[in-house]
Each structure stands twice: as C-alpha cells, then as structure tokens.
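Please walk me through this structure in an order that I can follow with the model open on the screen.

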Protein chains: 6
Amino acid sequence: MTVAICPGSFDPPTNGHIDVIQRAARHFERVVVLVSVNPAKSPMLSAQERVLLLREVLGHLDNVEVEAYEGLLVDLARQRGAGVIVKGLRALSDVEREIQMAQMNAGLYEAVDTFFVTTDPRWSFVSSSGVKEVAAYGGDVSGLVPRAVNDLLEGRYKGGSR
Amino acid sequence: MTVAICPGSFDPPTNGHIDVIQRAARHFERVVVLVSVNPAKSPMLSAQERVLLLREVLGHLDNVEVEAYEGLLVDLARQRGAGVIVKGLRALSDVEREIQMAQMNAGLYEAVDTFFVTTDPRWSFVSSSGVKEVAAYGGDVSGLVPRAVNDLLEGRYKGGSR
Amino acid sequence: MTVAICPGSFDPPTNGHIDVIQRAARHFERVVVLVSVNPAKSPMLSAQERVLLLREVLGHLDNVEVEAYEGLLVDLARQRGAGVIVKGLRALSDVEREIQMAQMNAGLYEAVDTFFVTTDPRWSFVSSSGVKEVAAYGGDVSGLVPRAVNDLLEGRYKGGSR
Amino acid sequence: MTVAICPGSFDPPTNGHIDVIQRAARHFERVVVLVSVNPAKSPMLSAQERVLLLREVLGHLDNVEVEAYEGLLVDLARQRGAGVIVKGLRALSDVEREIQMAQMNAGLYEAVDTFFVTTDPRWSFVSSSGVKEVAAYGGDVSGLVPRAVNDLLEGRYKGGSR
Amino acid sequence: MTVAICPGSFDPPTNGHIDVIQRAARHFERVVVLVSVNPAKSPMLSAQERVLLLREVLGHLDNVEVEAYEGLLVDLARQRGAGVIVKGLRALSDVEREIQMAQMNAGLYEAVDTFFVTTDPRWSFVSSSGVKEVAAYGGDVSGLVPRAVNDLLEGRYKGGSR
Amino acid sequence: MTVAICPGSFDPPTNGHIDVIQRAARHFERVVVLVSVNPAKSPMLSAQERVLLLREVLGHLDNVEVEAYEGLLVDLARQRGAGVIVKGLRALSDVEREIQMAQMNAGLYEAVDTFFVTTDPRWSFVSSSGVKEVAAYGGDVSGLVPRAVNDLLEGRYKGGSR
C-alpha cells in the first residue's frame with residue numbers, strides 16, 4: 001500500500017489544490033494532506049482554519065486525511081510510511097524550485113519520490129496569492145475556490161455583494 | 001490496483017529511463033513500459049531491439065512488462081486499464097510539451113493522469129540523443145546506459161577500445 | 001486606423017487560433033490573417049484548404065480577411081499598412097523564439113510591433129501538431145478545433161465513429 | 001475606440017517602461033498609465049512622485065494620461081471602458097506570473113484582454129529594482145532612465161559626480 | 001593576467017559554491033571571492049563568519065582570496081582589475097535575473113564580462129536557502145556543505161545526532 | 001596558459017558569434033574557433049566557406065585561430081589542451097540543452113569546463129537560422145552579420161538592392 005502526502009500552505013485552498021488531491025486519491029491507497037505551519041510567515045488563515053476548511057471540502061473522500069505539520073517534510077514522510085509526495089505542476093518557474101526540493105528530499109530520505117501531476121487547464125492560472133489579492137479588494141473568487149473557502153473569504157472581507 | 005504506463009522512444013534506453021521505471025515500479029502495482037513505434041522516424045534501434053533490451057535490463061522487476069505500441073497512448077491506457085502515465089522530469093523545455101500532451105490526453109480519456117517524477121541528479125543530463133551522438137563517434141557511454149545497451153552500441157560502432 | 005496581422009501555419013486551424021484572431025478583431029479595426037506558405041515543409045492541408053477553412057470559420061467577423069503569403073512577414077506588413085502583429089502566447093519555450101523573431105522584425109521594419117495575447121485557458125494545451133497526431137490515429141478532436149476543421153479531418157482519416 | 005491601460009509600479013519609471021507606453025500609444029486611441037499604490041510595500045518614490053515623473057516624461061503624447069490607483073485592475077478597466085491591458089515582455093519567469101494574472105483578470109472581467117509587447121533589446125535587461133540598487137550605491141543610471149528620473153535619483157543619492 | 005571575481009551571499013557556503021570557485025581557480029590566474037554585505041537582509045551567518053569559513057575551506061588554493069564587500073560589484077571589479085565575474089549556472093529562473101544583472105554591469109563597466117559555469121550535477125539542487133531550512137529543523141546536510149560549514153550548523157542547531 | 005574553444009555551426013556567422021569570440025579572446029590566452037561539420041545536416045555554407053569567413057572577420061585578433069572539426073568536441077579539447085569551452089548565452093530554452101551537453105562533456109573529459117557568456121543585448125535576438133530566413137527572401141541583414149558575411153549572402157540571393 002502506497003501512502004501519498006500532499007503538502008502545501010493552502011492559504012487559502014483553491015480549486016487547483018483540490019484537483020491535485022483528488023487525483024492523488026484516485027491512484028494511491030491513502031493520502032495525507034499536510035498543511036505547513038511556517039512560524040516565519042504570517043498567513044491570512046490560521047493553520048487550524050486551513051485544516052478545517054480542507055477537511056470540510058475533502059470530507060467525501062474516504063482515503064484522505066488532513067493535518068498541520070511543522071518541520072521537515074521527509075520526517076513526516078518517514079513517520080507516516082509515505083512513499084510518495086504529490087504536487088501540482090503549474091508555473092515552470094515553480095517547477096525548478098520544486099525539482100530542487102524533491103532532489104534534496106530524496107537525498108535526505110531515499111525511500112520517498114516526488115510526483116508532479118498536471119491539473120485541469122481551468123485551474124492552471126489559479127494561485128493562493130492571486131485569490132487573496134482579488135478577495136482583499138472585494139473581487140469575486142467564487143469560481144476559483146471551494147464554496148466553504150469562498151464563504152469564509154466573503155465573511156472576512158464583506159465583499160460578497162459584487 | 002493502479003496500472004501505470006511508462007511510454008517512450010527508448011532509442012536507446014538510458015540510465016535515466018531505467019531510474020524512472022524503477023520509481024514507478026516502487027509505487028504502482030503494475031507497470032507497462034511502452035516502446036513507441038513511429039513510422040515517420042528512423043530510429044537507431046528497431047522497436048524489437050528496444051523491447052528486448054528493456055526486458056533484459058528490467059528482468060528483475062516482477063511487476064514490469066515491456067511491449068511496443070503504435071497509435072494513441074490513451075487508447076493503450078484504456079485497453080490496459082491504466083490510470084497513470086509516468087514520465088521523467090528533465091529539461092523544463094520538455095516539460096511544457098509534456099504538460100500540453102498530458103492535458104490533451106486527459107481530454108481524450110478522463111480516467112488517466114500524468115505524473116512526472118524527478119530522477120537522480122546523476123541522470124539529469126542524460127538523453128538518448130546525446131548518448132547516440134557520443135556513441136556514434138566512439139565516445140564512452142558506459143556510465144550513462146545499462147550494460148546491455150552499452151554492449152550493443154559498442155558492437156555496432158566498434159568503438160569499445162576507448 | 002490600426003491594421004493587425006495574425007500570421008501562422010494553421011495546419012490545421014485550432015480553437016486556440018480562432019480565439020487569438022477573435023481577440024485581435026475586438027481591439028483593432030482590421031485584421032488580416034496570413035496563412036504562411038513554406039515550400040520547405042509538407043503540410044497536412046494545402047494553403048488553399050487552410051485559407052478556405054479560416055474564411056468559413058471567421059465569416060461572421062466583418063473586419064477579418066484571410067489570405068496566403070510567402071516571403072517576409074514584414075514585407076506583407078509594409079504593403080498592408082499593418083502596425084501590429086498579433087500572436088497567441090502559449091508555451092514559454094515558444095515565446096523565446098517569438099521574441100527573437102519580433103525583435104528581428106522590428107529591426108527590419110520599425111513601424112511594426114508584435115503583441116502577444118493570452119488565450120482562454122481551455123486552449124492553452126491545444127497545438128496543431130497535437131491535433132494532427134491525434135486525428136491521424138482516429139482520436140476525437142471535435143472539442144479542439146472548429147466544426148469545419150473537424151469535418152475535414154474526419155473525412156480524411158475516416159475516424160469519425162469514435 | 002479602444003482604450004488601453006498600462007499598469008505598473010514604476011518605482012522608478014525606466015526607459016523600458018517608456019518604450020512600452022509609447023508602443024501602446026502608437027496603436028490604441030487612448031492610453032491610461034496606472035501607477036499602482038500598494039499599502040503593503042514601501043516604495044522608493046511616493047505614488048505622487050511617480051505620477052508627476054511619468055506625466056513630465058510622457059507630456060508630448062496627447063493620447064496618454066497618468067494616474068495612481070489602488071484596488072483591482074479590472075475594476076479600473078471597467079470604469080474607464082478599457083478593452084486592453086498592455087504590458088512589457090521581458091523575463092520569461094515574469095511572463096508566467098503575468099499570464100496567470102491575465103487569465104485571472106479575464107475571468108473577473110471578460111471584456112478585457114492582456115497584450116504583451118516586446119521592447120527594444122536595449123531595455124531588455126533594465127528593471128526598476130536593478131536601477132534602484134545601482135543608484136543607491138552612486139552608480140550611473142543615466143542611460144537606463146528618463147532624464148527627469150535620473151535628476152531625481154541623483155538629487156536623492158548625491159551620487160551624480162561619477 | 002585575468003583576475004576573476006566570484007560574488008555571492010554564501011549564507012552558508014555550499015558544495016556547489018566551492019565547486020564553482022574551484023573551476024574558476026583552474027582557469028584564471030587569480031580569483032577573488034566576494035562575500036556580499038547587504039544591510040537590508042538579516043543573514044544566518046555574519047559576513048565575518050562567512051569570510052572565515054570560505055578561507056578555511058579554500059585554504060589549499062593559492063590563487064584564491066576571500067573578502068567581504070558592500071556596494072556595486074562593478075566598482076570592486078574596477079578596483080581589483082578584474083576582467084571576469086564567474087557565477088554558477090543552476091536554476092533557469094535564476095539565469096534570467098543573472099543575465100539582466102550581467103548586462104547592467106557590462107553597461108556600467110564595459111571591461112568586465114560575466115561567465116556562467118555549470119557545476120557537477122550532484123550539486124545542481126543544492127541552494128543556501130534549502131540548506132538553511134533543512135539544518136534549522138535538525139536535518140542532515142553533511143553531504144551538501146563543506147565539513148567546516150556542517151560543524152558550525154550542527155553547533156548552532158544542536159541537531160547533530162541524526 | 002588556458003586555451004579556450006568556441007564551437008558552433010556558424011551557418012552563417014553572426015554579430016552575436018563574433019561578440020562571443022571577442023569576449024573569449026579578451027580573457028583567455030588562446031582561442032580556437034571550431035566550425036562543426038555535421039554530415040547529417042545540409043548547411044547553407046560549406047565548412048570551408050564558414051572557416052574562411054571567420055578567419056577574415058577575426059583576422060585582427062592574434063590569439064584566435066579557426067578550423068573545421070568533425071567528431072566529439074571533448075576529443076578536440078583533449079588534443080588541443082583546451083581547458084574551457086566558451087558558448088554564448090541567448091535563449092533560455094537553448095541553455096538547458098547546453099547544460100546537458102556541458103555536463104555530458106564534463107563526464108567524458110573531466111579537465112574541461114563550459115563557460116557561458118552573455119553578449120551585448122543588441123545581438124540577443126540574432127540567430128543564424130533567423131538570418132538565413134530573412135536573407136533568403138531578400139531582406140536586409142547587414143546590421144546583424146559581419147560585412148564579409150553580408151556580401152556573400154547578397155551575392156548568393158541577389159537581394160542587395162533593398
């Protein structure tokens with residue numbers, strides 16, 4: 001049985017993130033979604049909020065669980081017996097950093113491989129930072145994020161009337 | 001059970017190809033290596049030679065089989081019940097074409113996803129075309145390809161004395 | 001009045017091409033679609049076929065005309081009084097060649113600028129060469145090209161039953 | 001009549017920015033240069049300084065106006081009846097972000113298209129951040145920015161003796 | 001006699017940095033390694049620590065010296081009579097920024113050229129920021145940095161037991 | 001003494017090529033320009049023509065010599081005692097192939113390093129294939145290639161009247 005982990009900031013989760021996780025859940029027995037806690041950054045949503053949102057959105061998938069983590073991804077992979085890290089493949093400029101990180105992780109823990117999966121072209125341009133920026137000015141992001149995320153953003157920015 | 005297919009020209013198979021296939025075989029129950037037959041190209045090795053080489057090199061992996069194919073990759077995936085296409089992630093300029101192909105394939109057959117896997121940094125610069133060019137001038141490629149491939153290339157180009 | 005030219009091989013025209021031309025036609029007074037004739041290549045469709053297909057598909061746009069051309073694009077631009085060349089922006093690896101060509105053209109004829117326009121994400125992965133390959137093996141490309149193009153491809157490859 | 005907007009930070013405006021705006025002004029009836037005000041960033045020049053500099057440098061172009069804005073670019077486009085956003089095409093790594101932003105903007109306001117224009121090769125390496133860094137250490141940037149910008153930078157950094 | 005300078009943050013120095021410097025020292029008569037002091041950044045190691053580490057690691061190379069600098073790189077090049085700047089060639093997304101900087105430097109001081117050198121594939125994925133992140137969580141970076149650097153990091157993060 | 005080699009097809013030599021060779025000649029004691037002979041390609045100019053053109057254009061540089069070669073570049077490097085291969089750094093998509101080739105060459109002959117040098121921005125868009133295409137249709141390439149090359153092209157294509 002191969003366990004896959006889907007790490008990310010998910011600040012906030014987008015339709016692109018959900019698409020990647022669903023594809024991982026189709027092909028691997030168990031998927032652990034890991035919400036990274038980075039003390040050096042000040043996220044829009046707390047780690048707890050992000051975990052709860054993802055659990056709500058992914059609740060229909062039996063083989064997916066969600067939790068926060070801090071530390072080295074490969075340590076988590078080792079603890080969970082995960083053999084695979086699954087990431088979305090969007091901008092090429094991201095891919096280079098991701099490849100470097102994948103090869104550094106492989107050097108730290110040889111048993112883990114990183115797989116990049118392409119998403120639906122509809123989500124190819126959706127990023128958390130773009131969503132945040134649009135939402136902060138009251139723009140409509142309902143087509144880019146799950147409903148639960150949209151509700152939370154609208155409540156926060158009171159920009160739902162557009 | 002997820003079946004993965006590893007398509008390619010493999011003209012000739014390199015250590016990078018073998019690395020990708022081995023990683024696929026670690027995480028998926030069955031792996032079908034597909035040697036593409038393209039009537040419009042004139043390969044160095046016949047499809048039959050490439051299939052036999054790969055079978056010899058991959059013989060120790062119980063869940064891997066090798067065969068030639070002509071046609072649409074997604075048709076093969078459908079016939080074999082494959083849910084995943086696994087490709088190596090090397091040059092970024094390749095990745096763009098691969099993403100386009102992956103999204104076109106997903107449009108043709110929704111049940112299949114393409115995963116890109118990073119290889120060992122040692123193989124990041126090894127390509128079949130590079131190997132062919134070096135071997136054709138009698139250069140030593142023994143560190144870049146499996147032994148069986150090296151033997152065949154040396155026999156062909158009589159450049160084994162270097 | 002700014003005249004824009006949309007050059008390309010259009011072998012065959014795809015939904016992505018049509019999307020680019022429509023965007024050009026929204027913002028410029030006149031658009032001349034130029035089907036390049038390259039004696040060194042053997043296209044799937046003759047220049048005449050490509051011109052007729054584009055005229056049929058674009059017939060509803062009053063400010064668009066279509067014709068074949070051979071020679072230097074900037075010579076055509078000069079003859080037609082075109083100030084702008086409009087191209088689609090798809091793969092980054094294409095963009096580099098396009099920028100080089102744009103800057104070479106600007107050096108040859110200073111009055112012309114090249115504008116790159118992004119298309120609908122749905123077409124970001126659609127290329128003429130991909131369409132040709134899928135169609136040649138009887139795959140369904142009806143979602144990737146205009147109906148008139150699909151009909152012609154189906155007639156040619158007798159693969160319409162899928 | 002097509003209205004084009006040229007958005008940017010312009011901190012400070014460079015010869016590359018001016019080149020892009022001039023090309024837009026050649027092909028579109030009206031051009032609105034928009035200086036973005038981002039409360040989260042601490043620019044070298046105030047929004048007011050940047051607006052005044054651009055007005056001075058672009059004063060000879062009748063169809064160009066300059067103003068500051070805060071908020072969503074597409075909201076501005078809607079208010080001004082702008083059909084086109086024009087951006088310079090420099091580094092490929094920028095282009096990816098720009099394409100994502102263009103497609104997100106198109107999703108928010110369908111009537112607007114983003115056009116990328118190549119600049120004169122002489123400005124291909126000029127960025128505001130590079131200019132700032134060189135000027136801060138007293139380096140000569142007179143060949144990279146308009147005269148009014150150079151005068152202001154020299155006054156500020158007292159490095160004009162080089 | 002050509003003097004080469006190898007500038008960088010070196011926070012901390014990695015095996016990739018050492019590889020680049022050694023290659024420069026093979027081909028140029030003298031190499032000056034320049035540790036950049038950027039008051040706007042808060043490095044993990046002080047400039048003094050970085051200089052001392054590099055001197056220790058590079059002590060066996062007679063034609064290499066190490067020092068800190070603040071200001072414009074081209075001013076340093078002019079003072080030292082350096083004709084060449086040597087940088088490692090890793091991620092493509094870095095290369096674009098580097099090319100812009102190289103061309104800006106060439107504009108400021110025509111006598112200097114920037115050469116990019118490829119490193120051993122083993123170091124292609126090693127970056128200072130990656131090393132810092134792994135070390136901060138107690139991960140093993142002994143294979144990625146010189147021994148002196150590893151000792152210092154282990155002392156600092158007390159993570160040497162892994 | 002470091003010997004540098006500048007390999008290429010030079011079909012035809014452009015101002016960008018000459019720029020790269022001149023920069024190499026500034027920093028290395030001896031430069032050997034190598035015109036590659038590839039029996040599988042049909043060049044516009046014979047190897048002999050390209051050698052003679054380069055000798056004429058580079059005649060004023062005492063430390064530069066030009067010759068044709070066929071075979072493995074590293075074999076030439078070994079014979080000539082060359083420690084460095086110098087290449088121009090233009091399109092990023094080229095760089096990837098070049099890095100792969102550089103690392104393959106380093107694997108075949110450890111004593112050689114590949115250095116990439118940026119050229120004057122004026123030549124960043126000039127490629128031999130672009131020059132050939134423009135010249136073949138009678139376009140003016142006098143600003144892109146050395147005079148001797150322009151004369152030869154004009155004679156061949158009788159397009160000098162523009």
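This is a predicted model: local features need pLDDT of at least 70, side-chain atom pairs count only at pLDDT 80 or more; totals for chains, interfaces and linings use all residues.

In what kind of crossing, left-handed or right-handed, does H4(E) pass H4(F)? H4(E) passes H4(F) in a right-handed crossing, where a crossing is called left-handed if the near helix is turned anticlockwise from the far one by less than a right angle, and right-handed if it is turned clockwise. The contact is made by Leu92(E), Val95(E), Glu96(E) and Ile99(E) on the side of H4(E), and by Leu92(F), Val95(F), Glu96(F) and Ile99(F) on the side of H4(F), contact meaning heavy atoms within 4.5 Å. Sorted by class, this contact of H4(E) with H4(F) has six nonpolar, no polar and two charged residues; Ala, Val, Leu, Ile, Met, Phe, Trp, Tyr, Cys and Pro count as nonpolar, Asp, Glu, Lys and Arg as charged, and the others, Gly among them, as polar.

Residues are numbered from 1 along each chain as its sequence is written, chains are lettered from A and ligands numbered from 1 in the order in which they are written, and side-chain values use heavy atoms, with hydrogens and water left out.

Two packed helices are described by the angle between their axes and the distance between the axes. Helix H4 (residues 92-108) of chain E and helix H4 (residues 92-108) of chain F pack at an angle of about 120 degrees, with their axes 11 Å apart; helices (H or I, at least four residues) and strands (E, at least two) are DSSP runs, numbered from the N terminus, and axes are lines fitted to C-alpha atoms, for helices over the stretch in contact, with angles running from 0 to 180 degrees between N-to-C directions. H4(E) and H4(F) are therefore oblique to each other, since angles under 35 degrees count as roughly parallel, over 145 as roughly antiparallel, 65 to 115 as roughly perpendicular and the rest as oblique.

Helix H4 (residues 92-108) of chain A packs against helix H4 (residues 92-108) of chain B at an angle of about 120 degrees, and their axes are 11 Å apart. The crossing of H4(A) and H4(B) is right-handed, and the contact draws on Leu92(A), Val95(A), Glu96(A) and Ile99(A) of H4(A) together with Leu92(B), Val95(B) and Glu96(B) of H4(B). By class, the contact of H4(A) with H4(B) has five nonpolar, no polar and two charged residues.

Strand E5 (residues 113-117) of chain E and strand E5 (residues 113-117) of chain F run antiparallel and are joined by three bridges, with Val117(E) standing opposite Phe115(F) in E5(F).

Other chain pairs do not touch: no contact joins chain B and chain D, whose closest C-alpha atoms lie 12 Å apart, and none joins chain C and chain E, whose closest C-alpha atoms lie 12 Å apart.

In chain B, a cis peptide bond joins Asp11(B) and Pro12(B), with omega about 5 degrees, and Pro12(B) is placed in the loop between strand E1 (3-8) and helix H1 (15-27). Phe10(B) is placed in the loop between E1 and H1 of chain B, and its phi is near 50 degrees, a positive value in a residue other than glycine. Phe10(B) is buried, with a relative accessible area of 4%, where buried means under 20%, exposed over 50% and partly exposed in between (1.4 Å probe, protein chains only). In chain F, the peptide bond from Asp11(F) to Pro12(F) is cis, with omega near 5 degrees.

Finally, Lys87(D) sits in strand E4 (residues 82-88) of chain D and, at 18% relative accessibility, counts as buried. Leaving aside its neighbours within four places in sequence, Lys87(D) is in contact with Pro7(D), Val20(D), Glu98(D), Thr114(D), Phe115(D), Phe116(D) and Val117(D).

Key:
Two strands pair if DSSP finds at least two bridges between them.
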